[in-house]
Amino acid sequence: MNLEEAMEILDVVQGEDKAKIRKKYRSLMRRYHPDALGSDRPEQIRRVQQMNEAYHLLMKQEVPILRSARKRRKWEWTGTVNADAFCERNVYLHYSMDVEGEPLYYQAARGKYLWDPEEEEFSLFLISLRHAAKELLEQVERRQGTFREEDTLQSDHRFQVQAKLFHLLTRQFIDPLAALRKAAKPKMIDLEGRAVYQFRAWVGAEGSGEAFRATGELKKGAPIYPKAFQGHRILVKNREGKVLGHLSFDEDYLYFCLIPLLKEKCAKVRMHVRDVKENRRGWPHKAKVDVDFYFRLEQEPPKDQHRDLNEEIRELLLAYETKLMQR
């Protein structure tokens, strides 16, 4: 493949920097990857292979690298804002891997910006929220005069509080429906105009208990049913009601987009077994069930249902501060 062919495949024009090339590549992969299409026909696999080859070829070229990003001032970042969010957060972007001696990411902005899948890597978004939760705890610790690395880093209680803060902040900085529509393409639109998405998921079990036996008994095409929500996870069962375990997705952002919409009764799901794999050669025995997960949007979340969790965050921080005062 030559340079001109690579540029044509990814729709890249002369002079675009690597950040734009990366954005176009990821957008095309979300649209044409066999997992997104729910099909693995040879021509689709070949198309993705060409896109990968074109991407790696272009990223090796001497093109402007982050020139515009380096000059962009923090207040020039544009994005949807949750004005009622409890705090601000940093927005991080990747540096090019070709820039030696630089950190892997840099702070591009700070504010109450919602996560935008087209602009911000989900892994960096999660780092941003961990940092925001850490900042909130450090503010409390400084007020109490207990901000010492040897105290904070080894505190189990602090870790639990930070984890709760993290999950509360994800609900403030992710609009599940808007993020889903940007991050994934529907497999189809049904006759009633409802978007139907298909995702790859899986359930795993190990040992010799009931979940392992129930998982091993599943056959290709068998239905799987949701049993309960447990935090950001879905507990699933078979037709007879036997618990199989928690459903896992290949993409982490799906936990934060799909499950809130299901909890708000804005969508319905259908799950079928794609394949069952068992490994009995070692101990514990292991079983994995690949699942086709169909997600149909029934309605949009209520307009007046804003995820304002500020009071819950305040109570959590107050309880943490009280705990520090008792030391």
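This is a predicted model: local features need pLDDT of at least 70, side-chain atom pairs count only at pLDDT 80 or more; totals for chains, interfaces and linings use all residues.

**Entry 1: the whole chain**

I began by counting elements: the chain has 12 helices and 10 strands.

Next I checked burial. Of the 327 residues of the chain, 43% count as buried. The accessible surface comes to about 18,900 Å², and carbon and sulfur atoms supply 49% of it.

**Entry 2: α2 against α4**

How are α2 and α4 oriented to each other? I took α2 as residues 18-32 and α4 as residues 42-59, and found that they pack at an angle of about 170 degrees. Their axes are 11 Å apart. Angles over 145 degrees count as roughly antiparallel, so α2 and α4 fall in that class.

I wrote down who meets whom. From α2 come Lys18, Ile21, Arg22, Tyr25, Leu28, Met29 and Tyr32. On the α4 side they meet Arg47, Val48, Met51, Asn52, Tyr55, Leu58 and Met59. By type, the residues of this contact divide into 10 nonpolar, 1 polar and 3 charged.

**Entry 3: helix α8**

I tested the length of α8, residues 156-173. At 1.5 Å a residue, its 18 residues should span 26 Å, and the end C-alpha atoms are 26 Å apart, so the two agree.

I also listed what is buried in α8: Arg158, Val161, Gln162, Leu165, Phe166, Leu168, Leu169, Thr170, Gln172 and Phe173.

How many residues of α11 (residues 253-263) are buried? I get 10 of its 11, so I put this helix down as mostly covered. The buried ones are Tyr253, Leu254, Tyr255, Phe256, Cys257, Leu258, Ile259, Pro260, Leu261 and Leu262.

Two of those names, Ile259 and Leu262, came up again when I looked at what Ile234 touches. Ile234 sits in strand β6, residues 233-237. It counts as buried because its relative accessibility is 4%. Leaving out residues up to four places away in sequence, Ile234 also touches Pro226, Ala228, Phe229, Gly245, His246 and Leu247. For Ile234 and Leu247, 13 residues apart along the chain, I note a C-alpha separation of 5.6 Å.

**Entry 4: positive phi**

Last, I went through backbone angles.

Asp11 is one of them: not a glycine, yet its phi is positive at about 60 degrees. I found Asp11 in the loop between α1 (3-9) and α2. With 54% relative accessibility, it counts as exposed.

Lys265 is another non-glycine with a positive phi of about 60 degrees. Where is Lys265? I placed it in the loop between α11 and β9 (267-279), just after α11. Lys265 counts as exposed, at 65% relative accessibility.

Technical notes
Residues are numbered from 1 along each chain as its sequence is written. Side-chain values use heavy atoms; hydrogens and water are left out. Helices (H or I, at least four residues) and strands (E, at least two) are DSSP runs, numbered from the N terminus. Buried means under 20% relative accessible area, exposed over 50%, partly exposed in between (1.4 Å probe, protein chains only). Accessible areas come from the Shrake-Rupley method with a 1.4 Å probe; for residues, only the protein chains shown count as cover. The expected span of a helix is 1.5 Å times one less than its number of residues. Axes are lines fitted to C-alpha atoms, for helices over the stretch in contact, and angles run from 0 to 180 degrees between N-to-C directions. Angles under 35 degrees count as roughly parallel, over 145 as roughly antiparallel, 65 to 115 as roughly perpendicular and the rest as oblique. Contact means heavy atoms within 4.5 Å. Ala, Val, Leu, Ile, Met, Phe, Trp, Tyr, Cys and Pro count as nonpolar, Asp, Glu, Lys and Arg as charged, and the others, Gly among them, as polar.
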